[in-house]
Amino acid sequence: MKWMIASDLHGSYYYAQQLQQAFEREQADRLLFLGDLLYHGPRNDLPRDYAPKKVIPLLNSLAPKLLCVRGNCDAEVDQMVLNFPVLADYAVLPVGQRLVYLNHLPPLAPGDILLHGHTHVPAWTNFGQGSLYLNPGSVSIPKESTAHSYMTLEGNTACWKTMEGACYHQLQL
């Protein structure tokens, strides 16, 4: 199964369209979204073409392919307009012999993977007892001079990609 992984759209219609195009280009089976779909948050500048009302139908069209966890800017009011669950605090995916946790710092067993959004900065860092921290960066508001980005996870291979689809970092899990 091929997963496309993204985070921190923050209501940008421009980047929602790019995300949809990238999802189609990747021919991924599912889009895993790590939160912050519609609202930009009080600490962020408005992203390009901030238009949550236009983002809603675009995301709803992808509903059968989406798996989302809640970000710090997601609220119950978002769930009222979206046709897929967005308020789960975590999800767990088996990848080979490992588990991938999608959440804010869940309890990890040695060797497990934490897949996390929120920082707007791509990351692939070993920590603890062989555990791995992965972050796809941000679709619409990247920070620390990083690219607008997402990840794919296919088999045991993770790849960080620009919105145009260029893989700039690949990692075997």
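Guide: What follows covers the cysteines and then a sheet. The model is predicted, so local features need pLDDT of at least 70 and side-chain atom pairs pLDDT 80 or more, while totals for chains, interfaces and linings use all residues. Residues are numbered from 1 along each chain as its sequence is written, and side-chain values use heavy atoms, without hydrogens and water.

Visitor: How many disulfides does the structure hold?

Guide: A disulfide is a pair of cysteine sulfur atoms within 2.5 Å. The structure holds one: Cys159 is joined to Cys167, S to S 1.8 Å. Cys68 is in no disulfide, and its nearest cysteine sulfur, that of Cys73, is 14 Å away.

Visitor: Is Cys159 buried or exposed?

Guide: Buried means under 20% relative accessible area, exposed over 50%, and partly exposed in between (1.4 Å probe, protein chains only). Cys159 is buried at 6%, and Cys167 is partly exposed at 37%. Cys68 is buried at 3%.

Visitor: What is the strand order of the open sheet?

Guide: Strands of a sheet pair through backbone hydrogen bonds, either parallel or antiparallel. Here, strands are DSSP runs (E, at least two residues) numbered from the N terminus, and two of them pair if DSSP finds at least two bridges between them. The open sheet has six strands in the order 3-2-1-9-10-11, with mixed pairing.

Visitor: Which strands stand at the edges?

Guide: Strand 3 (66-68) and strand 11 (167-172) do; each has a single partner strand, so one side of each lacks a neighbour in the sheet. Strand 9 (residues 149-154) and strand 10 (residues 157-162) pair in the antiparallel sense over six bridges, and Met151 stands opposite Trp160 in strand 10.

Methods: Helix = DSSP H or I, 4+ residues; strand = E, 2+ residues; numbered from the N terminus.
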